[in-house]
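Please look over the chain below.

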Amino acid sequence: SADGPEPIKTMTMKGSQVEFLVSIGDERFITCQGGSACSLWDFSSETCLHTFTGHSKEINSIVYLPEEKAIATASNDCSVKVWPLPTDNDQQSDKLAIKENDSNEHA
């Protein structure tokens with residue numbers, strides 16, 4: 001268009017606005033939506049692969065640590081936590097758990 005390029009894809013995140021987004025390679029990214037948890041997403045399938053929980057207050061920063069295959073989160077609870085990124089096998093388990101939870105919520 002005359003105003004510039006159009007987005008390749010738009011994902012609508014349920015719940016609340018996205019506060020942070022961190023790229024994890026070509027196909028994955030982490031979001032924090034203003035709470036004490038953050039989520040790992042697959043860009044192609046628009047699927048939440050894993051949710052990292054454990055802070056007692058709002059997360060205010062996320063950093064990808066590629067050499068460690070991990071992320072670090074800093075929170076208003078005065079802590080920094082380093083989380084290992086799940087393996088492909090872990091991600092398949094999380095996808096099934098999320099689908100089961102979604103089905104139970106609508107029952």
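Which residues is Glu27 in contact with, leaving aside its neighbours within four places in sequence? They are Trp41, Asp42, Phe43 and Ser44. Contact means heavy atoms within 4.5 Å.

## Basis of the model

This is a predicted model, in which local features need pLDDT of at least 70, side-chain atom pairs count only at pLDDT 80 or more, and totals for chains, interfaces and linings use all residues. Residues are numbered from 1 along each chain as its sequence is written, and side-chain values use heavy atoms, with hydrogens and water left out.

## Overall layout

The protein chain holds 1 helix and 7 strands. From the N terminus on, the order is β-β-β-β-β-β-β-α. Helices (H or I, at least four residues) and strands (E, at least two) are DSSP runs, numbered from the N terminus.

The chain has 107 residues, and 28% of them are buried. Buried means under 20% relative accessible area, exposed means over 50%, and partly exposed lies in between (1.4 Å probe, protein chains only). Among contacts with a separation of 6 or more, 30% join residues 24 or more positions apart.

Strand E5 (residues 59-65) and strand E6 (residues 70-75) run antiparallel, joined by 6 bridges. Two strands pair if DSSP finds at least two bridges between them. Ser61 stands opposite Ala74 in E6. The hairpin has 4 residues between the strands. Lys69 takes a positive phi there, near 50 degrees.

## Nonpolar cores

The largest nonpolar core has 13 residues. Such a core is a set of buried Ala, Val, Leu, Ile, Met, Phe, Trp, Tyr and Cys residues joined through side-chain atoms within 4.5 Å. Ile24, Ile30, Cys38, Leu40, Phe52, Ile62 and Ile71 touch the most other members. E1, E2, strand E3 (37-42), strand E4 (47-53) and E5 each give two or more residues to this core. Apart from it lies another core, of 5 residues, including Met11, Met13, Trp41 and Cys48.

What does Ile30 touch beyond its neighbours within four places in sequence? Its contacts are Phe20, Leu21, Val22, Ile24, Cys38, Ser39, Leu40, Phe52, Ile62 and Ile71.

## The second largest pocket

How much space lies in the second largest pocket? About 190 Å³. On a 1 Å grid over the protein atoms alone, a pocket is an open set of points where a 1.4 Å probe fits, with protein on both sides within 12 Å along at least five of seven lines. Its volume is the space filled by probe spheres set on the points.

E2 gives the most, with 3 residues. By type, the lining residues divide into 6 nonpolar, 3 polar and 4 charged. Here Ala, Val, Leu, Ile, Met, Phe, Trp, Tyr, Cys and Pro count as nonpolar, Asp, Glu, Lys and Arg as charged, and the others, Gly among them, as polar.

## Two loop residues

Glu27 lies in the loop between E1 and E2. It counts as partly exposed because its relative accessibility is 36%. Glu27 and Ser44 are 17 residues apart in sequence, yet 6.6 Å apart in space, C-alpha to C-alpha.

Gly54 is found in the loop between E4 and E5. Why does Gly54 count as partly exposed? Its relative accessibility is 47%. Gly54 and Ala37 are also 17 residues apart in sequence, and 7.1 Å apart in space, C-alpha to C-alpha. Leaving aside its neighbours within four places in sequence, Gly54 is in contact with Ser36, Lys81 and Trp83.

Technical notes. 1 Å grid on protein atoms, 1.4 Å probe; cavity = no way out; pocket = protein on both sides within 12 Å on 5 of 7 lines; lining within 4 Å.
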